[in-house]
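Open the model in your viewer and keep the selection tool at hand.

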Amino acid sequence: MFSLEVQDHVMIAHSLPAEVFGPAQGMHGATFTVQAAFFTEGLDEHGLVVDIGLAMEALGQVLGPLRYQNLDEVPEFKGKFTTTEFLCKHIFDGTREKLAQGALKDMGRVKRIRITLEESYAARASYEGEV
C-alpha cells in the first residue's frame, strides 16, 4: 500500500478536569504537530497517491476552526475530554469528510487515513481508519 503524509500544526488551550490528568486538569496550552497520512493501493496515472497541495489545504481547513481556540468553550466538545486521542479522531472525521466532498480529487482511491498528533518529541497519538 502507498501512502502520502502531510503535516501542519495547531495551537489550542484546554483543561482536562479529572484527577487522572494530574497537573493537566487546569487550563493549559498545547501546540500539536499534526500529520495526515493517506493510503492507496496504487498510484494514479500521474504517479501520485494524492496531490500534496490539496492534501495540505484540506488538513488546514480541518484544523482552522481549532486554531487558537479554548477547546473548553467549543460547543461540540462540551462534556468531552479533549485529549490528544480524542482530537485525533475529531481531525480524522473532518479529513474523511473533506475527502468525501472531493477535496483531494482522489476518485475513491484513498482507502485509509491516519491522523497523528505529536504533543512533543516524546509523546504522540494516532487514529487510523478506513474511509
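Begin with the charges: select the Lys and Arg residues as positive and the Asp and Glu residues as negative, leaving out His and the chain ends. The mean positions of the 12 positive and 19 negative charges of the chain lie 3 Å apart, each charge being placed at NZ of Lys, CZ of Arg, CG of Asp or CD of Glu.

A word on what you are looking at: this is a predicted model, in which local features need pLDDT of at least 70 and side-chain atom pairs count only at pLDDT 80 or more, while totals for chains, interfaces and linings use all residues. Residues are numbered from 1 along each chain as its sequence is written, and side-chain values use heavy atoms, with hydrogens and water left out.

**The whole chain**

Switch to cartoon view and follow the chain from the N terminus: the elements run β-β-α-β-α-β-β. That comes to two helices and five strands; both are DSSP runs numbered from the N terminus, helices being H or I with at least four residues and strands E with at least two. The radius of gyration is 16 Å, close to the 14 Å that the globule rule gives for 131 residues, so the chain is as compact as a globular protein of that length.

Now show the surface. The chain exposes about 7500 Å², with carbon and sulfur atoms supplying 51% of it; the areas come from the Shrake-Rupley method with a 1.4 Å probe. Buried residues (under 20% relative accessible area, 1.4 Å probe, protein chains only) make up 36% of the 131 residues.

Zoom in on strand 1 (residues 2–14) and strand 2 (residues 28–40), which pair in the antiparallel sense over 13 bridges. Pick Ile-12 here, and you will find Ala-30 as its bridge partner in strand 2.

Moving across the sheet, strand 2 and strand 4 run antiparallel and are joined by eight bridges. Thr-33 has Glu-118 of strand 4 as its bridge partner.

Then go on to strand 4 (residues 110–120) and strand 5, an antiparallel pair with eight bridges. These two strands form a hairpin with two residues between them.

Leu-99 is buried, with a relative accessible area of 9%. Draw a C-alpha to C-alpha distance from Leu-99 to Val-110: they are 8.5 Å apart in space and 11 residues apart in sequence.

Finish at Thr-83, in the loop between strand 3 and helix 2 (84–100). Thr-83 is buried too, at 16% relative accessible area. Not counting residues up to four places away in sequence, Thr-83 touches Leu-16 and Phe-21.

Notes. Rg over C-alpha atoms; globule rule 2.2 N^0.38 Å. Buried < 20%, exposed > 50% of the residue type's maximum accessible area, 1.4 Å probe, protein only. Pairing = 2+ DSSP bridges. Contact = heavy atoms within 4.5 Å.
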